[in-house]
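Subject: The model, and what turned up in it

Hi,

Here is the structure I promised to send over. Have a look at it first, and then read on for my notes.

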Amino acid sequence: LPVPVMVEETIKHAWESNAFLSKVRKTAFRGNLKVPFEKSADPAYVHTEGATGLTEEDLQLGIVTLTPANIKKWIKISDEAVAMGGEEFVRYIYDELAQRVLEKLVSELVAKANAASTTHGDTAIGIPKITEAPGVMIVQDAAAQLSEEATDLCVVLNPLTIQAFNAAYAAGNFAINPFDGVTVIKCSALPAYSTADANAMYAIVGDLKAFQVNYPEGEGIATKWDDLTYAEDDMVKVVARQYAGYGVTAPGRLVKLCKPAGAVTT
């Protein structure tokens, strides 16, 4: 039977191998987590002696609430399969379940960015967007809109979209690398540019620490090995569960790239 060490190693490997999740901010606070963010603020000023002081700062704050939910994946396998496959088969089952749970978490984070408005609200952070086809300067144009707090710059996109950027790179006689100085992260949760609908988000540029994942029960995936419920059928039920709240909690660190209407793709 599988041992806790096997589960721990499997989950650790899944986390480390996921380029997207390895860069998000992770916390472990109990219950719902309320994260304040700065909606707007006026700048400081210089007050010379004897001059009339300016007005009090107008600081507007919003609050993003991360409400935890379970992300689950489960499967039933036969006693015979376990006996014949041994430890390697069990390890494969754990690895597959963990991978699917983490892929779902990534897709949920991408969906949060996609659903974000372009301006801040009282309970949600706005993410600006650029509606333009892949080109040699669009990633750099997006990066120019980020705040100084965005330091670890990445571009997240479907692997098939990379080809569209490479085509622009070649068309420009390889003069400007569209990804120069920016880490490329492949993510199938985003549509390929060639098949994306008009106005659909096809890439994310920025510092992925803008995303926060909070684990009220601690980081990791809880896995249950149930060999009793379906014992009469000679079946074992394996359940993988991750309890997490997630969302965008840092403003000024992300920009969405969206497909223009009427764009011609090949």
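First, the ground rules. This is a predicted model, so local features need pLDDT of at least 70 and side-chain atom pairs count only at pLDDT 80 or more, while totals for chains, interfaces and linings use all residues. Residues are numbered from 1 along each chain as its sequence is written, and side-chain values use heavy atoms, with hydrogens and water left out.

**Aromatic rings**

There are 5 aromatic pairs in the structure. Rings of Phe, Tyr and Trp (its six-membered ring) pair if their centres lie within 6.5 Å; planes under 30 degrees apart are stacked, those over 60 are edge-to-face, and the rest are tilted. One of the pairs is F165 with F179: the ring centres are 5.0 Å apart and the planes make 45 degrees, so this one is tilted. It joins distant parts of the chain, with F165 in helix α4 (residues 159–171) and F179 in the loop between α4 and β7 (183–186), 14 residues apart. Helices and strands here are DSSP runs (H or I, at least four residues, for helices; E, at least two, for strands), numbered from the N terminus.

For the cut-offs, buried is under 20% relative accessible area, exposed is over 50%, and partly exposed is in between (1.4 Å probe, protein chains only).

Y169 and F174 make an edge-to-face pair, 5.0 Å from centre to centre with 75 degrees between the planes. Y169 is partly exposed at 22% relative accessibility, whereas F174 is exposed, with a relative accessible area of 53%.

Two lysines also sit over tyrosine rings. K76 lies over the face of Y230, 4.4 Å from the ring centre, and the charged end of K259 is over the ring of Y193, 5.0 Å from its centre. To count, NZ of Lys or CZ of Arg has to be within 6 Å of the ring centre and within 35 degrees of the ring normal.

**Salt bridges**

Side chains of opposite charge can pair when their charged atoms come close. How many salt bridges does a search of the whole structure find? It finds 7, where a salt bridge is a side-chain nitrogen of Lys or Arg within 4 Å of a carboxyl oxygen of Asp or Glu.

One of them is between D122 and K39, at 2.6 Å from N to O. D122 is in the loop between α2 (79–115) and β5 (129–131), and K39 is in strand β2 (residues 33–40), so this pair ties together parts that are 83 residues apart in sequence. D122 is exposed at 54% relative accessibility, while K39 is partly exposed at 25%.

Helix α2 has some too. R100 bridges to E103, with the closest N and O atoms 3.0 Å apart; these two are 3 residues apart in the helix, about one turn. Both are partly exposed, R100 at 40% and E103 at 34%. E96 joins R100 and E103 in a network of salt bridges.

E108 and K104 form another salt bridge, at 3.3 Å from N to O. They are 4 residues apart in helix α2, about one helical turn. E108 is partly exposed with a relative accessible area of 24%, and K104 is partly exposed at 41%.

**Two single residues**

F20 is in the loop between α1 (4–17) and β1 (25–27) and is buried, at 2% relative accessibility. Leaving aside neighbours within four places in sequence, F20 is in contact (heavy atoms within 4.5 Å) with V106, L109, V110, V156, I185, L208 and F211. F20 and V46 are 26 residues apart in sequence and 43 Å apart in space, C-alpha to C-alpha.

A41 is in the loop between β2 and β3 (60–66) and is partly exposed, at 36% relative accessibility. Not counting residues up to four places away in sequence, A41 touches E57, D58 and L59. From A41 to V64 is 23 residues in sequence and 18 Å in space, C-alpha to C-alpha.

Cheers
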